[in-house]
Amino acid sequence: MSLKIVVLIKQVPDITRVKFDAERGRIDRSSAEAEINPFDLNALEAAVQVKEKLGGTVVAISMGPQNAAVALRDALARGADEAILLEDNKFAGADTLATSYTLAGAIKKLGNFDIIFCGEKTVDGDTGQVGAEVAEFLQVPHLYYVSKVKEVKEDKIVVVSEMEEASYVVECEFPVLVSVTKDVNKPRLPTLREKLKAMKAEIKIWHAENLTDIINLSNVGYAGSPTVVSKVVVPKEKGREGKVFKEINEGIKVVLEELAKKGLI
Amino acid sequence: MMKEVVEKLEEIVEKDFILTKKELIESYLFDETSIPVRPKPTLNCIVVKPENSEQISRILKLANEKRIPVYPRGGGTGLVGGAVPTKDGIVISLERMKRIEVDRENLIAVAEAGVTLGELLKVVEEAGLSFPPHPGDEGAQIGGLVACNAGGARAVKHGVMRNFVKGIEVVLPTGEILNLGGKLLKNNMGYNLMHLILGSEGTLGIITKAVIRLCPKAEYTLTLVLPFNSRHEALSTVPTILTKGISPLALEYVEKELMEKSAMHLGEKWNIEGKVFLVVILSGTQNEVYNEAERINQICSEKGGLEVYVAERQDEQNTILKIRSNIYTALKEESADIFDTTVPPSNIGKLADMIDKIAEKYSAYIPVYGHAADGNLHAHVMKKDIDKYEKIKSEIYEATINLGGVITGEHGIGKIRVKELYKFMSPKSIELMIGIKKLFDPNNILNPGNVLSIDENQALRTEQ
């Protein structure tokens, strides 16, 4: 038996360099290189490790503009066997619900699968919702905040899931969606040979019309997104304030008052 | 004496910026030199933090008149005791001199001495330009980087600090302020005094400002890791890469054990198969770097190398560089001294082999790594081998000189390699250097005991 593994990939700007347009409340995507969302690298590495152990194929899926193919090529270099890009103007402006709906539609079109791996969140949106929503649309269980894959067999997976102050060991039969944290593994570097090969590899592009037998187009993109962002506020950095007291007791009194005001004493 | 000097200094610099209490001056007494070889600092010194070159000029005039030793201090990241005050005197810390401006049209940054490398990089990047070399710790200050002609890993393509400094403002030990060079790419007006001061390690003047050449926006970079099963295979690959017309930003030689140790130190993991590695950073357009990468891949496999790995993402490139850069930090606790011997690049393999033989002879552990394309090899003598330190050092230096090299490629002479400088440099060269020093600093007040040992010169010469 060989497993069919799907990995959800998002192309994001390099978050360490990207600039934020505070006035318009938007990320200036042109200010930094685009790359695979760092958490998705862990998801991909987890998928490749399962494949190496039990055999199978890894399919990387991303929804995004044409240049998101760059991220998918990187996924191919890092061990994915196939890459599919969901690209259409109709998909643009999607919130997490419309995104999940579209991704789930594409996964249905792929046919049966055993495991879907995804990263716990993306560094640009930071919602952490897409994985679970995809699982709901596909009506499969999801394991979230997975920090360790303890065991994987031909029909089930055992993971450690981090739930704030507790760690749960969970066993789940396939099919399942597994959302991983940074702790699950250290993604390896791609080899130069694979990287060069991936630069020439085919990326399958699926447009909206390729999915009409599965999805309802009124539920995708901006039209299918109930989320409304009314305002984005960038918190201003607050500088340190200092006060100098000539009388030590006067200073202590003010410190105590301030602490009491904040409910700390 | 101290009290009187402090009073005079208070006429020049605000009181708050003159430190005399032991607990306040403590952090100004050392640099990053390994403890076993570190010079012993005086505890009897005054730390002054001037804010401009005029104040420095007045301090130096005072010191020259009173014959007080003066020790200029930057970020304190030196490895040869250059900033350590060894005689009672004044430490001038440049930390408050932080003004910096970028002249985009001339591709120039003008930075005061106290600007750190990290601050320079940030300002330059914000201006949409780049400063390609990475000459050391990002906490190092411009004054120190220029005074010590710092090198670093990225010298292969662009050169060392000297290649980027186009002008300096310097205060002489006698108090005069000189402006040398400028925003100029060509300048043949008289002897080049600026280049004489660059690399003089704070012995000819205090550099207060530098005019630094910049490059257009940072190029696309790619980091390759070339694993090999033997040092010989790895190092013999280096000249082949360079003679094929590939000019990497950096080309580093590292060994598995050290990369693992450094990675662990950082909480990272180094899990690439192979005993030794070349780390190659390529820069240019995306097409150029991938084209060069393909050629390097070919060379590597012809030389018996293993599968080549590539880091394209900035975070992955940074991790590799960080692991490489932190080998020194990971070894520091157990290390007695670090050398930076430099030979003609094609001889680096021979030098590494000779160091291995020396290690074997003395049953010592001598880890080596370095800037392979520059012929610049770092070898550590460990604390456990301290009883054999002098012999090991002497043999490594002899081997280096015999291969046409020098005892230091980037760290400098400072206060801990003076004896060796006198041993391996021709007497005439030493005589000329002393002559120059006397011309600039007739009373030997500026960083005495650094590079040259004027007072003990006679003794050192007779010793040879």
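The model is a predicted one, in which local features need pLDDT of at least 70 and side-chain atom pairs count only at pLDDT 80 or more, while totals for chains, interfaces and linings use all residues. Residues are numbered from 1 along each chain as its sequence is written, and chains are lettered from A, with ligands numbered from 1, in the order in which they are written.

Chain A has six helices and 13 strands; these are DSSP runs numbered from the N terminus (helices H or I, at least four residues; strands E, at least two). Along the principal axes, its C-alpha atoms fill a box of roughly 80 × 40 × 40 Å.

Helix 1 of chain A covers residues 38–54, and its 17 residues should span 24 Å at 1.5 Å a residue, which agrees with the 25 Å between its end C-alpha atoms. The expected span is 1.5 Å times one less than the number of residues. Among the buried residues of this helix are A:Phe39, A:Leu41 and A:Val50. After helix 1 of chain A comes A:Gly55, with a positive phi near 80°.

Helix 3 (residues 96–110) and helix 4 (residues 130–138) of chain A pack at about 50°, their axes 8 Å apart. The two helices of chain A are therefore oblique to each other; angles under 35 degrees count as roughly parallel, over 145 as roughly antiparallel, 65 to 115 as roughly perpendicular and the rest as oblique. Residues that make the contact include A:Leu103 and A:Ile107 of helix 3 and A:Val134 and A:Phe137 of helix 4. Two residues are in contact if their C-beta atoms, placed from the backbone, lie within 7 Å.

Between the chains, 16 residues of chain B are in contact with 14 residues of chain A. Elements giving two or more residues to the chain B side include strand 10 (220–228) and helix 10 (286–302) of chain B.

Elsewhere in chain B, B:Arg67 sits in the loop between helix 3 (53–66) and strand 3 (70–73). B:Arg67 is exposed because 10 other C-beta atoms lie within 10 Å. Apart from neighbours within four places in sequence, B:Arg67 is in contact with B:Asn443 and B:Ile445.

Key
Axes are lines fitted to C-alpha atoms, for helices over the stretch in contact, and angles run from 0 to 180 degrees between N-to-C directions. A residue is buried if 20 or more other C-beta atoms lie within 10 Å of its own, exposed if 12 or fewer, and partly exposed in between; C-beta atoms are placed from the backbone.
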